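This briefing covers a single structure, with its points grouped by topic for a reader who works with computed models. Please read the notes below alongside the sequence and the coordinates.

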Amino acid sequence: MKKNSDTLDAIDLAILNTMQRDAKTTTSHLASQLCMTETPCWRRLKRLEEEGYISRYEAILDKAALGYNVTAFVHLSVDTHTEEATRELEEKITSHPGVYSLHNVTGDYDFLVHIHCKSIDAYNFFIENTLRGLSVIRNIKTSISLREITRSNHLYV
């Protein structure tokens, strides 16, 4: 059960910040950094996991090293907002392996897709075989990233 984030103290926040920087940090190292013994540190870490403050641990892969040379931001407008049409759109888009994130947004468009592809041809395949197959999509507008200036998966707590 998630508690209110206002109940987190300075040690909890330090644990969260450390684990964001390096999820492989051992409890021993974490406890040493926080001037604690291992058992109370481990208990706090487990509590933060159980309460949902830490949802998962993952490795961040290098896109360029893996050949993902195209990053695109795709703005989608839809002509219907029924629950069924929205669910179909979300399932179809998120099932594509290159989709990094999908957001339902306000403004001129309804959805924003963040996708990584190995080539423009692979991106075109996504457009033609995933997006154009969805009859609810009225408009597609793409911005291709020329270069990534900064990126962070960290929340500042």
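## Briefing on the predicted model

Cys 35 sits in the loop that runs between helix H2 (27-33) and H3. The structure is a predicted model, and its local features are reported only where pLDDT is at least 70.

- The backbone of Cys 35 has a phi near 55°, which is a positive value in a residue other than glycine.

- Side chains of opposite charge can pair when their charged atoms come close.
- Across the whole structure, a search finds ten salt bridges.
- In one of them, the side chains of Asp 9 and Arg 44 meet at 2.9 Å, taken from N to O; this pair links distant parts of the chain, with Asp 9 in the segment before helix H1 (10-21) and Arg 44 in helix H3, 35 residues apart.
- Asp 9 itself is partly exposed, its relative accessible area being 31%.
- Arg 44 also meets the side chain of Asp 12 in a salt bridge, with an N to O distance of 2.8 Å; because Asp 12 lies in helix H1 and Arg 44 in helix H3, the pair ties together parts that are 32 residues apart in sequence.
- Asp 12 has a relative accessible area of 2%, so this residue counts as buried, a class that requires a value under 20%.

- Glu 49 and Lys 46 are separated by about one helical turn, because they are three residues apart in helix H3.
- Both partners fall in the partly exposed class, with a relative accessibility of 23% for Glu 49 and a relative accessible area of 29% for Lys 46.
- Salt bridges that share partners also join Asp 9, Asp 12, Arg 44, Arg 47 and Glu 51 into one network.

**The nonpolar surface patch**

- Leu 61 is placed in the loop between helix H3 (38-50) and strand E1 (70-78), and Tyr 68 lies in the loop between H3 and E1.
- Leu 61 counts as exposed because its relative accessibility is 55%, whereas Tyr 68, at 32%, counts as partly exposed.
- The C-alpha atoms of Tyr 68 and Asp 9 are separated by 40 Å, and the two residues are 59 residues apart along the chain.

**The largest pocket**

- Rolling a probe the size of a water molecule over the atoms shows where empty space is left.
- The largest pocket has a volume of about 720 Å³.
- Its lining is made up of 23 residues, of which Gln 20, Ile 54, Ser 55, Arg 56 and Asn 153 lie nearest the centre of the pocket.
- Sorted by class, the residues that line the largest pocket comprise twelve nonpolar, six polar and five charged ones.

Terms used
Residues are numbered from 1 along each chain as its sequence is written. This is a predicted model: local features need pLDDT of at least 70, side-chain atom pairs count only at pLDDT 80 or more; totals for chains, interfaces and linings use all residues. Side-chain values use heavy atoms; hydrogens and water are left out. On a 1 Å grid over the protein atoms alone, a cavity is a set of points where a 1.4 Å probe fits but cannot get out, and a pocket is an open set with protein on both sides within 12 Å along at least five of seven lines; lining residues have an atom within 4 Å of a point. Grid points are joined across faces, edges and corners, and a volume is the space filled by probe spheres set on the points. Ala, Val, Leu, Ile, Met, Phe, Trp, Tyr, Cys and Pro count as nonpolar, Asp, Glu, Lys and Arg as charged, and the others, Gly among them, as polar. Helices (H or I, at least four residues) and strands (E, at least two) are DSSP runs, numbered from the N terminus. Buried means under 20% relative accessible area, exposed over 50%, partly exposed in between (1.4 Å probe, protein chains only). A salt bridge is a side-chain nitrogen of Lys or Arg within 4 Å of a carboxyl oxygen of Asp or Glu.
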